[in-house]
Amino acid sequence: TFEGAPPSFYGDGEFYIVRSDTVMIQGRYLGTKYTKGLAATSKVAIGGAFLQGHVITVGSMDSGPILVDGKPVLSSFPSSYVLGNLATINYNGEGKLVDDATDEWQPQN
């Protein structure tokens with residue numbers, strides 16, 4: 001790892017994915033029923049100077065709503081949230097799920 005710790009791809013934990021002067025992205029990894037207890041990405045938190053002190057938190061379908069500064073946003077499907085002139089977050093049917101097996105899942109409202 002960048003911090004010199006031995007990497008673990010099996011256990012729970014929180015780790016920086018990106019850590020720079022302008023961008024910080026942290027990941028939370030937890031075992032799931034889908035991975036037979038092995039760690040998988042549960043949430044990511046995005047912040048840093050480029051967001052001027054704001055934090056966007058995006059979790060899995062099982063780990064809770066999308067948050068901006070700790071408050072739920074995007075409570076309906078489809079929807080958008082504008083964070084000033086910094087970012088627009090969209091919750092819609094665009095894009096592709098990372099695993100074809102998850103095509104059967106429907107977005108949570």
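Leu 74 lies in the loop between E6 and E7, where strands (E, at least two residues) and helices (H or I, at least four residues) are DSSP runs numbered from the N terminus. This is a predicted model, in which local features need pLDDT of at least 70, side-chain atom pairs count only at pLDDT 80 or more, and totals for chains, interfaces and linings use all residues. Residues are numbered from 1 along each chain as its sequence is written, and side-chain values use heavy atoms, without hydrogens and water.

Phi of Leu 74 is positive, near 60 degrees, although the residue is not glycine. Most residues other than glycine have a negative phi, and most peptide bonds are trans. Is Leu 74 buried or exposed? Its relative accessible area is 12%, so Leu 74 is buried; buried means under 20%, exposed over 50%, and partly exposed in between, with a 1.4 Å probe and protein chains only.

The loop between strand E6 (71-72) and E7 also holds Pro 78. The peptide bond that joins Phe 77 and Pro 78 is cis, with omega at about -10 degrees.

I turn now to the hairpin. Strand E7 (residues 79-83) and strand E8 (residues 87-91) run antiparallel and are joined by five bridges; two strands pair if DSSP finds at least two bridges between them. Leu 83 has Ala 87 in E8 as its bridge partner. Three residues stand between the strands of this hairpin, and Gly 84 takes a positive phi near 55 degrees.

Lastly, Gln 52 is located in the loop between strand E3 (39-47) and strand E4 (56-59). Gln 52 is not a glycine, yet its phi is positive, about 50 degrees. With 59% relative accessibility, Gln 52 counts as exposed.
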